[in-house]
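Trainee: Could we take a close look at a single part of this model? I would like the metal site, taken step by step.

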Amino acid sequence: MEELYGGMEGGGTKFVCAVGTGLGEIIDETRFPTTTPDETLDRAIVFFKKYTLTAIGLAPFGPLELNQDSPAFGSIASTPKSGWSHADILGRFRAHFNLPMAFDLDVNAAAFGEYHWLPKNRRLFSLVYITIGTGIGAGVIVNGKVVHGLTHPEAGHMRLPHDRHKDPFPGICPFHGDCFEGLANGPAIGKRWGQPADTLPEDHPAWDLEADYIAHAVSNIIYMLSPQRIVLGGGVMERLQLFPLIRLKVREILNDYIASPTMTGSMSGYILPPGLGKRSAILGAMAMAKYLTK
Ligand SMILES: [Zn+2]
């Protein structure tokens, strides 16, 4: 019998749970709104109990405690999301399942999913996945592994050049004001222009400014990590007209400094929408169960 793996993508507004063979084939899936930790995690556990699983990959929203030496390993760290600070996600699953489990941030699962489903003949070993939606975050894969450090990277809070004459908007990050997330997440776009981002027309100046900020962030990531592929996902990036704008601006910012043929072309094979569409994180969580629990 084929082995089955469970994956959980735990977002701030909804949870997705799926069971499959770990090769992208999903045999059952459920989704439900994120309410209290008790209610939400119990629904996930009830779903997974219907199956005989080999392993489970858990990929909730962050920030997370990923230090395995910490007694809080496997839980959510301090979060403004009501009721979820210090919720012990892994511990709750361990109380119900005697199975190998992988635990990582949702955006790291998305990065792992995108990496894992790359055509294997491309010989890529590094990839950065940036989600730009209600929040901004980045998952980094190097040598096929998800990068952790003190905690997990928080590239959504990097500082970017902010020309206050061109853009007087102060930013909305409660910690930093005008960091990347504070300037460029969906709610920042809505607040700056006085209407929800998804109602702004395609020719609105919001999008050129948005592409500026994203291009600066992408350029910083290229300088720091030299990834072989950059995937941009999340709700804001569903505006596909951003992609050519961002590629053009990245070329301008880098100014031919990086000596790679990838950087002299249109970058249409380098800065890309998610190959897995909106399913990067849930498929990544299942891939984590299959490949990171051995
Ligand atoms: Zn910030």
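Mentor: Start with the term. Donors are N, O and S atoms within 2.8 Å of the metal. Water is not among the atoms, so a site may look incomplete. Keep in mind that this is a predicted model.

Now the zinc ion. Its protein donors are ND1 of His157, SG of Cys173, ND1 of His176 and SG of Cys179. They lie 2.0 to 2.4 Å from the zinc ion.

Next, the geometry. The angles between the four donor atoms run from 102 to 123°. Four donors count as tetrahedral if all angles lie between 85 and 135 degrees. The arrangement around the zinc ion is therefore tetrahedral. For reference, the ideal angle for four tetrahedral donors is 109.5 degrees.

Then the chain. The donors of the zinc ion are spaced as H-x15-C-x2-H-x2-C. His157 and Cys173 are 16 residues apart, and the pair links distant parts of the chain. His157 is in the loop between strand S8 (145-146) and helix H4 (180-184). Cys173 is in the loop between S8 and H4 too.

Cys173 has a relative accessible area of 8%, so Cys173 is buried. His157 is at 22% relative accessibility, and therefore counts as partly exposed. The cut-off for buried is under 20%.

S8 also turns up elsewhere. Along with helix H2 (89-94) and strand S5 (101-103), S8 supplies at least two residues of the lining of the second largest pocket. That pocket has a volume of about 360 Å³.

Note on methods:
Residues numbered from 1 in each chain as written. Predicted model: local features only at pLDDT ≥ 70, side-chain atom pairs only at ≥ 80, totals over all residues. Heavy atoms only, no water. Donors = N, O, S within 2.8 Å, 3.2 Å for Na, K, Ca; no water. Tetrahedral: all angles 85-135°; square planar, octahedral: opposite > 155°, others 65-115°. Helix = DSSP H or I, 4+ residues; strand = E, 2+ residues; numbered from the N terminus. Buried < 20%, exposed > 50% of the residue type's maximum accessible area, 1.4 Å probe, protein only. 1 Å grid on protein atoms, 1.4 Å probe; cavity = no way out; pocket = protein on both sides within 12 Å on 5 of 7 lines; lining within 4 Å. Points joined across faces, edges and corners; volume = space filled by probe spheres on them.
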